[in-house]
Amino acid sequence: MFADDYLEEPYWWSAAPLPAADENTQPVSLGGRADVVIVGGGITGLVAALHLARSGCDVAVLDAQRIGEGAARRNAGFVGRTLKRSVEWLAAKSGRDHAVRVYRELDTALRGVEAFVERERIDCHYQTCGRFIAANSKAHFQALIGELEQTRQAVGFDYSVVEKQDVRTEIASDRYHGGAVIPDLGSIHPGLYHAGLVSKVLEAGVRLHPITNVMGIDRNASGKTVRTSRGDIAARHVVVATNGYTSRDLKWLARRVIPFRGFVIATELLPPETIDKVMPRRRTYLDTRMNIDFIRPAPDSSRILFGGMTGTASPTATPLAGTLRDRLVRILPDLEGVRLSRAWTGHCAGTFDFMPHIGVKDGVNFALGYNFAGIPLGTHFGEKLAARILQRGDMTSAFDVEKFPTAPFFNGSPWFVPLAMRYFDWHDDRIARG
Ligand SMILES: Cc1cc2nc3c(=O)[nH]c(=O)nc-3n(C[C@H](O)[C@H](O)[C@H](O)COP(=O)(O)OP(=O)(O)OC[C@H]3O[C@@H](n4cnc5c(N)ncnc54)[C@H](O)[C@@H]3O)c2cc1C
């Protein structure tokens, strides 16, 4: 099952290895002060740092791990307008104006990534490849098209219907009951994207402090003191951008962010004819279940990446690799016998209202809870966080709402996630049965 080069490590790290802890980074003891301290060196933290440093701020980014060791270089590289709540659901809950603003902002975030990588000349294989959403049953197909049509009417997002008999024009699978193509969604090499961000922030003079765990943020008359495993650092402003890795030291946020694991495998090198056969249009692919399976070609189309079994309580990916491979082969039988070169896992962040959040708590700016949409929203919120600190540009966001819910007794331990995933499976099956 495993190829000779198998490693439990993100596929992306081959092209974008993590910087060593002492490379381009600051000495052990922090001391001193910064205008802005950013907790978390993922996409959100680095985009915020870049904008702030270019506006003349002295910025320090602190990360408990190596820079990029979080989800930023572990994700699947789908760039979309992902949201677990439909426009109609949101309209019923918080009004049509708010629902439309949320969806328009998702679109701004999607377009923002493409514009940003182009402007910054970050070579990270951004492609507007389109996405095929495959319906797991006839009822799922009807629900999918109904939802896409409602969204089109509300905010104008384009899509095209793929009937069951035409699924093989998109993907070599007989499992699906039709689907839809959303033509303007993209894909990226997340490792190269984040590595590009690291070069940009270093050029802009940002100080990176890896292996520096933030244990608390105290407010005082002159600003804030950030307490870390390497000493204290004073700051006028603090940003928390820790998403699925939010540690329990950051108590208020840890009580609101539900960390759960995502798992991805990468196949061995495949002949171009195989890729041509199984995904002729080289899009990104996912299905209509809440607990999705997701597939994409590597940016150079040399192999296939597959993710699923999200929320399983396994700290490593290798024990799940065989099951993931079997699932992939059930979807794409032409891959029978395929071996794996990589398997990896990383933390995503859910929230109790299934919505990402940006806001301020006790004078500390935060943006997190991306529910699988952190590439576009992390980029977008990074820019917003900088605008808020600089007090210029567009500081507003439809995701900045008063309520950021938690649940009684929840302290950041996601013990219930596997149960919740089983509930979602049951719910999906119920819809599938009509
Ligand atoms: C397997 C997988 C697949 C995914 N696929 C996609 C996808 O296809 N498309 C998409 O848009 N999103 C996807 N995501 C989600 C996406 O990767 C994240 O939403 C995104 O990386 C945003 O998070 P971030 O960059 O803000 O934070 P991260 O990159 O997660 O970084 C947060 C950092 O905060 C640090 N930190 C936490 N607590 C502390 C502390 N107390 N002190 C110091 N540092 C701290 C951590 O060490 C970590 O490095 C996926 C995630 C996973 C795991």
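Author: Happy to. One cut-off first: a residue counts as buried when its relative accessible area is under 20%, as exposed when that area is over 50%, and as partly exposed in between. Please keep in mind that this is a predicted model.

Ser301 sits between strand 15 (294-297) and strand 16 (304-307). With a relative accessible area of 17%, Ser301 falls under 20% and is therefore buried. Its backbone deserves a glance too: phi of Ser301 is near 55°, a positive value in a residue other than glycine. Most residues other than glycine have a negative phi. Phe354 is another case, with a positive phi of about 60° although it is not a glycine.

Now to the rings themselves. A pair of aromatic rings is described by the distance of the centres and the angle of the planes. The structure holds 20 aromatic pairs. One of them joins Trp252 and Phe366: the ring centres are 5.9 Å apart and the planes meet at 55°, so this pair is tilted. Trp252 belongs to helix 6 (residues 251-254) and Phe366 to strand 19 (residues 364-368), so the pair ties together parts that are 114 residues apart in sequence. What about their accessibility? Trp252 is partly exposed at 29% relative accessible area, whereas Phe366 is buried at 5%.

Phe354 returns in a pair with Phe424, where the centre-to-centre distance is 6.2 Å and the planes stand at 65°, an edge-to-face arrangement. This pair, too, links distant parts of the chain: Phe354 is in the loop between strand 17 (340-351) and strand 18 (357-361), while Phe424 is in helix 10 (residues 417-432), 70 residues apart. Phe424 is buried, with a relative accessible area of 17%.

Rings can also link up into groups. Phe78, Phe260, Phe294 and Phe372 are connected by ring pairs into a cluster.

Arg81 lies over the face of Phe157, 4.0 Å from the ring centre.

Helix 3 (residues 96-120) packs against helix 4 (residues 138-155) at an angle of about 95°, with the axes 10 Å apart. That angle makes helix 3 roughly perpendicular to helix 4. On the helix 3 side, Arg96, Val100, Tyr103 and Arg104 meet Thr151, Ala154 and Val155 of helix 4. Sorted by type, the residues of this contact are 4 nonpolar, 1 polar and 2 charged.

Asp35 lies in strand 2 (residues 33-39) and is partly exposed at 25% relative accessibility. Beyond its neighbours within four places in sequence, Asp35 is in contact with Gly56, Cys57, Asp58, Ala235, Arg236 and His237.

Key
Residues are numbered from 1 along each chain as its sequence is written. This is a predicted model: local features need pLDDT of at least 70, side-chain atom pairs count only at pLDDT 80 or more; totals for chains, interfaces and linings use all residues. Side-chain values use heavy atoms; hydrogens and water are left out. Axes are lines fitted to C-alpha atoms, for helices over the stretch in contact, and angles run from 0 to 180 degrees between N-to-C directions. Helices (H or I, at least four residues) and strands (E, at least two) are DSSP runs, numbered from the N terminus. Angles under 35 degrees count as roughly parallel, over 145 as roughly antiparallel, 65 to 115 as roughly perpendicular and the rest as oblique. Contact means heavy atoms within 4.5 Å. Ala, Val, Leu, Ile, Met, Phe, Trp, Tyr, Cys and Pro count as nonpolar, Asp, Glu, Lys and Arg as charged, and the others, Gly among them, as polar. Rings of Phe, Tyr and Trp (its six-membered ring) pair if their centres lie within 6.5 Å; planes under 30 degrees apart count as stacked, over 60 as edge-to-face and the rest as tilted. Buried means under 20% relative accessible area, exposed over 50%, partly exposed in between (1.4 Å probe, protein chains only). A charge sits over a ring if NZ of Lys or CZ of Arg is within 6 Å of the ring centre and within 35 degrees of the ring normal.
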